[in-house]
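Please walk through this structure with me, beginning with a single contact and its surroundings, then turning to the sheet, the helices packed on it, and some points in the loops.

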Amino acid sequence: MQEAWITTLSPSSRAWCNRNGFYYVSQSELAIKPPLWLLAELTYRCPLQCPYCSNPLDFASQEKELTTDQWIRVFEQAREMGAVQLGFSGGEPLTRKDLPELIRAARDLGFYTNLITSGIGLTRKKIADFADAGLDHIQISFQASDPDLNAALSGSQKAFERKLEMAKAVKEHGYPMVLNFVLHRHNIDQIDKILDLSLTLEADDVELATCQFYGWAFLNREGLLPTRDQIARAEEVVARYRTRMERDGVLTDLLFVTPDYYEERPKGCMGGWGAVFLSVTPEGTALPCHSARQLPIEFPSVLEHSLKHIWFESFGFNRFRGDSWMPEPCRSCPEKTKDFGGCRCQAYMLTGDAANADPVCSKSPHHGKIIEARRQAECASLDIHQLQFRNRANSQLIYKSHV
């Protein structure tokens with residue numbers, strides 16, 4: 001149940017009171033800096049049906065989207081506050097016909113702009129139009145290193161070849177080749193083939209990111225979480241390829257992100273709550289991270305408040321700033337300035353209370369939740385067709401046609 005909170009002090013300071021006690025947070029203590037990175041989630045629409053999609057489970061009921069003018073006003077406000085980087089994501093942002101106009105507006109404001117896309121719907125003409133509008137960076141995501149597994153995961157038999165074609169086109173147009181592969185138990189053992197593909201495409205940056213368990217990935221965790229042995233083998237392969245690339249003078253920037261579930265200390269989620277990152281959902285809800293909408297907190301809308309008010313004054317963005325909110329053992333932990341107490345969304349999903357210590361931390365009284373998830377991963381037998389897809393019927397049909 002959501003706690004009832006009240007603001008009680010003057011604008012120069014802030015306090016909240018809940019049934020568990022009284023917390024005081026001074027604005028001067030927090031030294032809140034403006035956001036540096038704005039993520040514009042333009043739409044939840046997407047032609048693919050990935051079972052680890054970060055969109056909310058009820059995305060199909062989220063039909064409203066900000067207009068072109070409303071998005072541009074968001075960009076203006078973010079830039080006025082000092083934000084310097086703007087990412088266009090979704091869903092699939094290519095479904096927005098006004099994308100070139102939005103890119104141009106962002107570039108005219110002085111943003112460094114990044115398009116995060118599946119590549120489905122991308123064309124050589126669009127690549128040229130985006131370049132003309134001033135887009136700086138295109139990142140293309142792949143589901144796997146081969147067409148069959150890519151089809152089983154994405155729900156599209158033509159996706160793999162289309163991605164390859166567009167990745168080459170992006171490179172030919174002068175953009176840096178930036179590839180993203182979401183890893184999980186069904187493709188992590190192909191990591192050598194994934195890296196071979198990346199080298200063949202002459203990628204400049206490769207992100208091998210084991211899926212983080214929010215949204216659809218949390219729903220499918222039992223069928224997606226790799227085993228510890230799979231993670232260890234993947235780390236060995238990545239280390240071997242890094243040595244090879246250094247030897248051969250290949251300048252690919254290779255990032256391998258392991259799942260939190262195999263850590264003993266949590267990562268510093270988003271650089272701290274409301275510290276660096278601001279996300280705006282398709283309908284205009286402002287969030288301190290792209291997964292925060294699942295929390296029992298009423299986050300403000302850009303249609304009702306300015307970004308400046310949202311960032312500095314709203315309850316949602318102040319809720320987990322600083323360390324006054326922290327329970328033990330986080331409050332007295334010397335590492336709290338590094339990990340900021342861990343991930344609030346993860347704490348909520350695993351314990352039902354976003355204020356609890358992140359269960360990833362071995363000091364957390366809820367660490368047993370993580371231990372149990374690891375145990376389940378060792379015993380899991382779910383095949384791809386048993387996962388919950390954004391469009392289950394189509395994905396199962398494609399999977400069965402390739403086995």
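A polar contact, in the sense used here, is a pair of N or O atoms within 3.5 Å, of which, within protein, one must be able to donate a hydrogen and the other to accept it. The model is a predicted one, and in this model the side chain of Thr68 makes such a polar contact with the side chain of Asp98, at 2.5 Å. Thr68 belongs to helix H2, which covers residues 68–81. With a relative accessible area of 18%, Thr68 is buried, because buried means under 20%.

For the chain as a whole, the secondary structure comes to 16 helices and 11 strands. Of the 403 residues in the chain, 55% are buried. Among the contacts with a separation of 6 or more, 70% are accounted for by residues 24 or more positions apart.

The next element to consider is the sheet. Nine strands form an open sheet with mixed pairing, in the order E9-E8-E7-E6-E5-E4-E3-E10-E11. Its edge strands are E9 (253–257) and E11 (286–287), each of which pairs on one side only. Strands of a sheet pair through backbone hydrogen bonds, either parallel or antiparallel. Strand E5 (residues 112–117) and strand E6 (residues 137–142) run parallel and are joined by four bridges, and Thr117 stands opposite Ile140 in E6.

Towards the other end of the strand order, strand E3 (residues 37–41) and E10 pair in the parallel sense over four bridges, with Phe277 in E10 as the bridge partner of Trp37. On strand E10 (residues 277–280), Phe277 and Ser279 point one way while Leu278 and Val280 point the other way, and all are buried. E10 and E11, by contrast, pair in the antiparallel sense over two bridges, and here Ser279 stands opposite Leu287 in E11. These two strands, E10 and E11, form a hairpin with five residues between them, and Gly284 in the turn has a positive phi of about 110 degrees.

Helix H10 (residues 228–248) lies across strand E8 (205–210) and E9, and runs at about 170 degrees to E9. Helix H5 (residues 147–154) and helix H6 pack at an angle of about 110 degrees, their axes being 8 Å apart. Why are H5 and H6 described as roughly perpendicular to each other? Angles of 65 to 115 degrees count as roughly perpendicular, and the angle between H5 and H6 is about 110 degrees, so the description applies to this pair. In their contact, Pro147, Asn150 and Ser154 in H5 meet Ala159, Phe160 and Lys163 in H6. By class, this contact of H5 with H6 has three nonpolar, two polar and one charged residues.

Several loop positions complete the picture. His366 lies in the loop between helix H14 (344–351) and helix H15 (368–379), and is partly exposed, with a relative accessible area of 24%. His366 touches Thr351, Asn356, Ala357 and Pro359, residues up to four places away in sequence not being counted; the C-alpha atoms of His366 and Asn356, 10 residues apart along the chain, are separated by 8.4 Å. Leu382 is found in the loop between H15 and helix H16 (392–400), and at 27% relative accessibility Leu382 also counts as partly exposed. Leaving out residues up to four places away in sequence, Leu382 touches His186, Glu222 and Gly223. Leu382 and His186 are 196 residues apart in sequence and 10.0 Å apart in space, C-alpha to C-alpha.

A cis peptide bond joins Gly90 and Gly91, with omega of about 20 degrees, and Gly91 has its place in the loop between strand E4 (85–89) and helix H3 (99–108). Another cis peptide bond joins Glu328 and Pro329, with omega of about 10 degrees. Glu202, although it is not a glycine, has a positive phi of about 60 degrees; Glu202 lies in the loop between helix H7 (191–200) and E8, and is exposed, with a relative accessible area of 53%.

Key. Residues are numbered from 1 along each chain as its sequence is written. This is a predicted model: local features need pLDDT of at least 70, side-chain atom pairs count only at pLDDT 80 or more; totals for chains, interfaces and linings use all residues. Side-chain values use heavy atoms; hydrogens and water are left out. Buried means under 20% relative accessible area, exposed over 50%, partly exposed in between (1.4 Å probe, protein chains only). Two strands pair if DSSP finds at least two bridges between them. Contact means heavy atoms within 4.5 Å. Axes are lines fitted to C-alpha atoms, for helices over the stretch in contact, and angles run from 0 to 180 degrees between N-to-C directions. Angles under 35 degrees count as roughly parallel, over 145 as roughly antiparallel, 65 to 115 as roughly perpendicular and the rest as oblique. Ala, Val, Leu, Ile, Met, Phe, Trp, Tyr, Cys and Pro count as nonpolar, Asp, Glu, Lys and Arg as charged, and the others, Gly among them, as polar.
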